[in-house]
Amino acid sequence: MSNGFTPVVAGHALGSDAAAPATPKNVPHRGGPQNPSVDALRQQFAGAVVRASVTWGETTVVVDRARAHEIIQWLHDDPTQRYDYLSDVTAVEFRDFEQPIEVVWHLRSLPFRRFLRVKIEIVKGTAMEAPSVWDIYKSADWLERECYDMFGITFTGHPDLRRLLMWEQYKEGYPLRKDFPLRGRFSRSEQLRQALAANPEARYSKEELSIADAFEDLPGDMKRRLGTGEVTGE
Amino acid sequence: MGLSPRPEPNLIETTGNEPWITTKLDAFVNWGRKNSLWPMPFGTACCAIEFMATAASKYDLARFGMERQAFSPRQADLLICAGRVPFKLAPVLRRIWQQMPQPKWCISMGACASSGGMFDNYAVVQGIDSIIPVDVYVPGCPPRPEGLLYGIMMLQRKVGAERSSDKSLRNEMEPDPKSQLYIAPSVIDEVSEPFGNSVHQTRSGL
């Protein structure tokens, strides 16, 4: 299935005379040295970089929503960038209703020892959509599902966008949104009734089990169940 | 060899002097049951760590007849629910309880299992007694091993006081087919009433 495995030594692209990594000291709150990838992005994608800032030594770059996928693809592929590790996908909603919701990608370049935070902004009232980077980083799979589950952001291009933390029939909305009541929307008995109605054994989909490899090892009843095309949930 | 030959068991003569006692069947059965409970730990959070301490050598659960931890509900008669139970786990816990054969008991260990604890939010069941019947509630966050042992001893007293003439004891409770709940929805809503007005609470105050 895999095309071989190339070990990556952290920082090897910096050359042998690069300084050994050390914990930075006296990092200013605002400002400081910017990640060189931002200037490269400005050159490569003219007009797509909305703004960039450095906070506590970490660089954040806000980019155009329509070109975000293209930009992350370039950051991953380009030999001068090589952001080969996606450490998180999440979203931020601010208390101020006027402020847009942000979708955040935390990228790490192991060969260059660089960290870059890429953001897009989704104005409230427009479609809650963001491009999926699953085709670039497979680790985005569950991260995007969690983000969809908690914030209701649809990642276009994700192969299997379902709820991850809450059960799939969950009807109350998206728990980390600011307009979501802490205790949920339904009464406790209604929440319990809906939770108990879920079948705890119908939790697997073909995708999760990667049936191509594991199907023969499954117990007979599950084989029958999946063979009829049943996916997950009720 | 200096040893007397082993007597043939069928040829032992009864002299009429063997000691014997009489007791109530209940007392005898309950004595056996309460001193050989097989607990199944259903550990979901930090209470499970405290449960492990209880089972380990310093506090030694085995002193109370619980040498064998059952990790299959089918071979257990005591469910110890240690930790918070999210709604997503509610049908799982219910299924595990239904898989346990009678006689069976349940200890709700810690504040979260007993009442939801500090997790008065959208994701956590406000007390497992809304899913399964509970015999003993152990308070604490998490309870110390002594607390759990005290709860277990309370349960042993409860087991010791059972009467076999009470046929309802071993009746399997059937949940209401419509709501799948053991107790009425209005009761659940009432006991999980919020403190203050937090039912309309949002993070932003919007």
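**View 1. A:Thr59 stands opposite A:Leu116 of S5(A).** The two strands concerned, S2 (residues 58-63) and S5 (residues 114-122) of chain A, pair in the parallel sense over 4 bridges. Two strands pair if DSSP finds at least two bridges between them; strands (E, at least two residues) and helices (H or I, at least four) are DSSP runs, numbered from the N terminus. This is a predicted model, in which local features need pLDDT of at least 70, side-chain atom pairs count only at pLDDT 80 or more, and totals for chains, interfaces and linings use all residues. Residues are numbered from 1 along each chain as its sequence is written, and chains are lettered from A in the order in which they are written.

**View 2. The open sheet of chain A has 5 strands in the order S1-S2-S5-S4-S3, with mixed pairing.** Strand S1 (49-55) and strand S3 (85-92) of chain A are the edge strands, each pairing on one side only. Neighbouring strands are turned by 20 degrees against each other on average, direction ignored.

**View 3. Helix H1 (residues 37-44) of chain A lies across S1, S2 and S5 of chain A.** H1(A) runs at about 175 degrees to S1(A). Axes are lines fitted to C-alpha atoms, for helices over the stretch in contact (heavy atoms within 4.5 Å), and angles run from 0 to 180 degrees between N-to-C directions.

**View 4. Helix H2 (residues 68-77) of chain A lies across S2, strand S4 (101-109) and S5 of chain A.** H2(A) runs at about 170 degrees to S5(A).

**View 5. H1(A) and H2(A) pack at an angle of about 125 degrees, with their axes 12 Å apart.** The contact is made by A:Ser37, A:Ala40, A:Leu41 and A:Gln44 of H1(A) and by A:Ile71, A:Trp74 and A:Leu75 of H2(A).

Terms used: Side-chain values use heavy atoms; hydrogens and water are left out.
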